[in-house]
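User: Got a new one on screen. Talk me through a couple of spots, please.

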Amino acid sequence: MDSKILTTLEYPKIIDKLIKHASTSLGKTTAEQLKPVTELEAVKTLLQATDEAYAADRLKGSAPFGGVVDIRASLHRARIGGTLNPAELLDIASTSRGSRRVKRHVETIHGEHPLPMLSTIASGISEHKPLEDAIFDCIDENADVLDNASPELASIRRELRSGEGRIREKLENMIRSSNVQKMLQDTLITLRNDRYVIPVKQEYRSSFGGIVHDQSGSGATLFIEPEAIVAMNNKLRETKAAEVRETEKILQKLTALAADHTEELLIDLELLGDLDFAFAKARLAHEMKATQPRMNDRGFLKLKRGRHPLIDKDKVVPLDVELGNQYTAIIVTGPNTGGKTVSLKTIGLLSLMAMSGLFVPAEEGSQLCVFDAIYADIGDEQSIEQSLSTFSSHLTNIIRILGSMTAKSLVLLDELGAGTDPAEGSALAIAILEHIHARGCRIVATTHYSELKAYAYNRKSVINASMEFDIATLSPTYRLLVGVPGRSNAFAIAERLGLSRSIIDHARGEVSEEDLRVENMIASLEENRISAESERQSAEALRKQMESLRTKHEEERLRFEEQKEKLLRKAQEEAREAVAKAKREAEEIIADLRKLAMEEGASVKEHKLIEARRRLDEATPHLETKKTKSAASGKTDKIEPGDEVMVYSLNQKGSVLEVHGSDATVQLGIMKMKVSLDDMELLKAKSAAAKQSPAKQAGGASLNRTRDDNVKMELDLRGESLEEAIMEVDRFLDESFLSGFGQVYIIHGKGTGILRTGIQQYLRKHSHVKSFRNGNYGEGGIGVTVAELK
């Protein structure tokens with residue numbers, strides 16, 4: 001791509017913005033070298049990397065590129081046998097550690113959100129933990145070699161500190177001496193040429209022995225190494241030389257270790273640069289509020305509210321334009337400062353950005369094309385050195401474009417044919433456009449010439465466009481209107497500014513009739529466009545309203561589903577708790593039965609078994625609707641006396657004694673109960689002849705009794721006095737009679753027989769008692785009285 005055209009379309013300014021978002025020098029270098037790509041698949045690959053980095057940045061924030069530096073020069077020196085200094089080695093270890101962090105970051109996100117391209121790049125980064133540990137064990141964060149880098153270095157540095165301590169101690173003893181203090185310029189110890197000295201006054205030079213290493217600028221102070229510490233200083237210098245040798249040996253060892261990994265580290269740097277570059281593109285997209293365009297190579301572009309990325313996004317007017325489908329050329333007309341050039345640059349710059357793998361500041365659904373080249377002739381490029389006029393300069397560029405363009409090129413021409421005689425200029429512009437159009441190029445051109453409006457109107461695949469102008473405010477709105485040719489608003493502006501009406505009418509008379517018809521046609525189109533725009537906005541508002549309602553209903557549906565799920569989970573939990581409770585109660589009932597059997601030493605009485613079964617039934621959690629008659633028969637059977645039925649609520653079989661409307665009296669073992677017909681199912685019907693006897697027996701009046709589920713079939717009176725027992729028996733018999741029990745059990749125990757005799761005498765006179773007897777074997781014997789109720 002021609003660098004001059006890139007500069008014309010302000011592409012380098014986008015690159016500068018991209019470079020600022022790179023975290024490493026590696027990424028910055030890659031960004032600096034970015035150029036538009038002319039292969040569709042390559043562009044899609046670049047955009048995919050940007051899209052994945054955009055998603056990763058949104059999910060987990062910026063990648064941790066801290067510590068990653070460009071170590072290629074250091075690696076080259078290590079490879080050719082040079083010794084790296086501590087700072088260079090520290091950079092290598094820091095870069096290796098940073099690359100591991102970046103790799104983990106990408107892999108972590110890839111586990112949550114697919115990043116196929118970035119994860120492939122990250123997987124190629126090698127890990128060098130032993131190298132990192134070796135360097136960090138020997139060099140601290142300030143790039144100083146540590147004492148524990150080797151046992152020899154630790155020993156040498158201990159000796160150094162010891163020697164320095166002895167020298168300082170010796171000198172401090174000297175400067176504290178009163179005889180020496182009067183000869184000193186100052187009571188301090190300093191260094192000259194790596195040897196310890198003290199400042200002595202010039203006049204005491206002859207009285208103070210030792211070696212002079214330096215003097216002050218005035219010459220009044222001499223820095224003398226006393227003879228007493230010369231040997232000690234010599235020893236110290238030898239120890240320091242040993243330290244340097246040992247340090248050099250450690251650095252050589254670490255350099256050799258780094259050199260063994262040179263190739264892998266160089267590859268890592270390249271991959272890190274690619275990752276940093278991808279994340280820089282993502283951060284630029286966030287800054288511009290840009291989206292990923294759909295790409296094609298068939299010459300089609302469609303920008304939806306595209307914005308020039310270098311204009312303040314709060315001030316820029318979005319651009320809607322389509323090219324390459326129904327028409328391949330757009331001719332934009334309109335006044336100066338209306339935004340024609342900005343529209344031209346926006347189309348070119350966004351195309352270049354997309355071809356470079358960058359997101360574009362436009363709405364979702366925008367489409368751009370991969371052109372083999374983009375050519376632009378924009379602006380006043382008058383050349384004083386070449387003595388070229390504006391017209392000549394434009395024409396020179398156009399000639400170069402005509403010689404290079406292909407059918408897959410995009411050509412942008414600003415003020416085509418300007419700078420010369422209008423008649424010749426318009427004719428030349430039409431001829432140039434016709435030639436470019438015949439080559440199959442995509443064209444966007446701006447012009448002032450009205451002749452080009454007629455050309456666009458009459459030429460297939462060419463369409464007019466204009467920049468909207470607000471007559472009321474006498475200012476452009478900077479909106480591109482495709483399909484509407486530009487109007488000359490000179491008369492309207494002059495009238496609004498106060499020019500005499502007679503002058504304006506005279507001017508109109510000077511305009512040809514054909515031009516007036518064109519202007520009237522454009523005015524009519526403008527009115528129709530405004531009307532259509534208003535209707536479109538109304539339809540758009542309605543669409544948004546319907547979309548809002550749809551979204552609201554969807555949210556409500558999701559809330560309902562979520563609430564339903566919660567209720568189901570709650571119901572399931574309650575059911576589990578109810579079942580667990582029922583199981584616990586069943587276990588307690590079973591334990592009571594076993595205890596009862598052990599206490600009585602015999603089989604449990606039948607009425608106690610029935611009572612235990614009732615307790616089990618009550619313990620069962622009722623989580624479903626009441627069970628009704630089986631629908632298998634397909635009809636409701638008529639129940640009559642003598643029929644054998646199944647009572648659902650008790651889960652027992654019984655024989656029907658009487659039927660009273662919707663209820664029936666049923667014999668369940670030794671127990672009679674009044675049961676609803678809906679709570680039973682016919683199992684076996686008695687023969688017609690056999691039904692007559694119960695029917696006759698059932699003649700006469702009957703009392704409907706309502707059963708109380710809390711009434712038991714037995715009454716335990718053991719331990720009570722006769723008077724209290726009689727009162728309890730009377731209440732018990734009333735409740736049992738109303739509950740429809742056939743017989744009941746009164747437990748009074750054996751004892752002296754007083755309680756049994758008194759109760760039985762009372763039973764003889766009671767109106768509800770038909771007969772009574774002592775309990776049989778298994779029912780409690782003479783300790784229980786069994787009363788049969790009427």
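Analyst: Helices here are DSSP runs of H or I with at least four residues, strands are E runs of at least two, and both are numbered from the N terminus. It's a predicted model, so local features need pLDDT of at least 70, side-chain atom pairs count only at pLDDT 80 or more, and totals for chains, interfaces and linings use all residues. Residues are numbered from 1 along each chain as its sequence is written, and side-chain values use heavy atoms, without hydrogens or water.

User: OK, what follows H5?

Analyst: Gly81, which has a positive phi near 100°.

User: And which residues of H5 are buried?

Analyst: In H5 (residues 72–79), Ser74, Leu75 and Ala78 are buried (under 20% relative accessible area, 1.4 Å probe, protein chains only). They sit on the same side of H5 because they cover an arc of only 100° around the axis, taking directions from the axis to the C-beta atoms.

User: What covers them?

Analyst: The cover includes helices H6 (86–112), H11 (230–259) and H12 (262–288), with contact meaning heavy atoms within 4.5 Å.

User: Switching to E12: how many of its residues are buried?

Analyst: Six of six, across residues 442–447. Arg442, Val444 and Thr446 are buried on one side, and Ile443, Ala445 and Thr447 on the other.

User: Which strands pair with E12?

Analyst: E8 (residues 329–333) pairs with E12 in the parallel sense over five bridges, and E11 (residues 409–413) is also parallel to E12, over four; pairing takes at least two DSSP bridges. Ala445 is the bridge partner of Ile331, and Leu413 stands opposite Ala445 too.

How values were computed
Buried means under 20% relative accessible area, exposed over 50%, partly exposed in between (1.4 Å probe, protein chains only).
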